[in-house]
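Thanks for coming, everyone. I'll keep this short. Please look at the structure while I talk.

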Amino acid sequence: MRRCRAAVVGAGASGLAAALAASQGGGGVVLLEANPKPGKKLLATGNGRCNLTNRQISPEFYHGDAALAAPLLARWPAERVEGFFRSAGLLTRTDGEGRVYPRSLQAAAVLQALWSACEAAGLELLCGFRVERAAAEAGGFLLTGADGRELFAQRLALACGGQASPKHSGGLGYELARGFGHSVTGLSPSLTGLAVPERLTRPLKGMRCKARAALCQWGRELGAESGEVIFSQGGVSGVCVMNLSARLRGLAGGGLALRLDLAEEMASEELEAFLRGQCAAFPERPAGGLFAGVMNLRVGQELAKSLGWGGRRFSQLSREDLRRAAELAKGFSLPVSGPLGWDQAQATAGGVPLGEVDLSTMESRRQKGLYLTGELLDLDGDCGGYNLHWAWATGLTAGESMGKKGGSGA
Ligand SMILES: Cc1cc2nc3c(=O)[nH]c(=O)nc-3n(C[C@H](O)[C@H](O)[C@H](O)COP(=O)(O)OP(=O)(O)OC[C@H]3O[C@@H](n4cnc5c(N)ncnc54)[C@H](O)[C@@H]3O)c2cc1C
């Protein structure tokens, strides 16, 4: 049977980082990946541009065990992650909102830099090796693949990712962790769109507009964010809405709504006065175009249609009509049945509780010599590079610790 010093299960973001860091402590590191190639999800990140970290790393942008993660995040500012990539030969660029990307704006460049560094460090990659069983044995761990292959490793890192976007990754990480006595909190899709009735979004399918989006339950605002809102059949997405989806974690269903302020730059009275001015200046225009100067044309037309004005003209709209119109534009409310599914999700809410891991090394508190990293753990971040940052920070921490001579073994 093959034997190695350290095995990392999962060649995604955190696994590549962990394996590379572990290799700095010497050879004998094996990276096992179920897919035919490493980094499949990494290539899809940031729409192929890979938003790899953010200059504003802070627990406030994370959900789950965010308070426990604070010391680790403090040790890993964005600059440290950027320094790691610089040492792998990759320069970065930062946009106006602190989001950090590879200088080339290519996720492929991130994967190439990581993999070249891994090769130079003598790391061995075994693709198509889907680990189905992992068991602690004297002096290490016995790993068994779906095809019956076996590998014995003195130390083991589980970097299997979460449940989001199963076409890119998704494996048995939770089951493998449970096998070592870890618990897994309830899992739900995060950074995904919100599901709204199809009949409401069908006419708006494909439309994008700026709005302040507020997620409400029984009329109470749970969170709000401004940005671009995208309508699809049966769903609403866009970065601001995806960030709001994280608020659904652990929430009892019912009474949920997404309230869109489609004219957030204007106070209600200001908007009403503008609409009155429009009616006075252009009395012959059809009422369906009332919102034309304020928001996306199609979205405005649908709003006007919902007010039931039929074939009326601006001159036929009363003061009360215009008050209602302004009210609707400032608070267009769509009932929400929950998050869109795992296929559209970019992150997993829930996972192995951080309290079950020593966050100074990422070593399991349940099993000596075992390390856990990335999305498998109960921490998920907002859009903006926070999730990959977590993957790098936990992967590098685990790898450094695994690579240390004389560290703990199973
Ligand atoms: C479309 C999309 C875009 C995203 N964009 C961004 C972005 O721009 N910025 C950002 O910060 N975050 C982004 N994310 C989130 C980010 O990709 C994840 O947070 C990150 O990849 C998690 O890293 P990980 O190492 O924990 O897991 P993964 O990257 O998912 O890697 C896990 C790996 O383990 C392998 N594996 C699992 N089980 C087994 C097994 N039993 N045996 C062998 N191999 C196994 C999987 O095949 C996979 O390759 C995006 C996510 C998606 C889906």
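Let's start inside. This is a predicted model. Its largest nonpolar core holds 78 residues. The members that touch the most others are Ala7, Val8, Ala19, Ala157 and Leu158. Helix 12 is the biggest contributor to this core, giving 9 residues. There is also a second, separate core. That one has 46 residues, among them Ala213, Leu271, Phe291 and Leu340. As a general point, nonpolar side chains in soluble globular proteins tend to be buried together.

Now zoom in on Val8. What does Val8 contact, leaving aside neighbours within four places in sequence? The list is Gly15, Ala18, Ala19, Ala22, Leu31, Leu32, Ala157 and Ala159.

Next, helix 12. It covers residues 386–403. Is the helix mostly covered or uncovered? Mostly covered: 17 of its 18 residues are buried. The expected span is 1.5 Å times one less than the number of residues. For 18 residues, that should come to 26 Å, and the end C-alpha atoms are 26 Å apart, so the two agree.

On to the sheet. It is open, with 7 strands in the order 17-16-13-14-15-12-18. The pairing is antiparallel. Strands of a sheet pair through backbone hydrogen bonds. Which strands sit at the edges? Strand 17, residues 332–335, and strand 18, residues 338–339. Each of these pairs on one side only.

Take the strand 17 end. Strand 17 is joined to strand 16 by 4 bridges, running antiparallel. Leu260 stands opposite Phe332 there. On its other partner, strand 13, residues 208–217, strand 16 has 6 antiparallel bridges. Here Ala214 faces Arg259.

Strand 16 itself, residues 256–261, has two faces. Leu256, Leu258 and Leu260 lie on the covered one. Ala257, Arg259 and Asp261 lie on the uncovered one.

Now the strand 18 end. Strand 12, residues 194–195, pairs with strand 18 in the antiparallel sense, over 2 bridges. Ala195 has Gly338 as its bridge partner.

Last, the whole protein. There are 12 helices and 23 strands. The C-alpha atoms fill a box of roughly 85 × 40 × 35 Å along the principal axes. Of the 410 residues, 48% are buried. Among contacts with a separation of 6 or more, 74% link residues 24 or more positions apart.

Note on methods
Residues are numbered from 1 along each chain as its sequence is written. This is a predicted model: local features need pLDDT of at least 70, side-chain atom pairs count only at pLDDT 80 or more; totals for chains, interfaces and linings use all residues. A residue is buried if 20 or more other C-beta atoms lie within 10 Å of its own, exposed if 12 or fewer, and partly exposed in between; C-beta atoms are placed from the backbone. A nonpolar core is a set of buried Ala, Val, Leu, Ile, Met, Phe, Trp, Tyr and Cys residues joined through C-beta atoms within 7 Å. Two residues are in contact if their C-beta atoms, placed from the backbone, lie within 7 Å. Two strands pair if DSSP finds at least two bridges between them.
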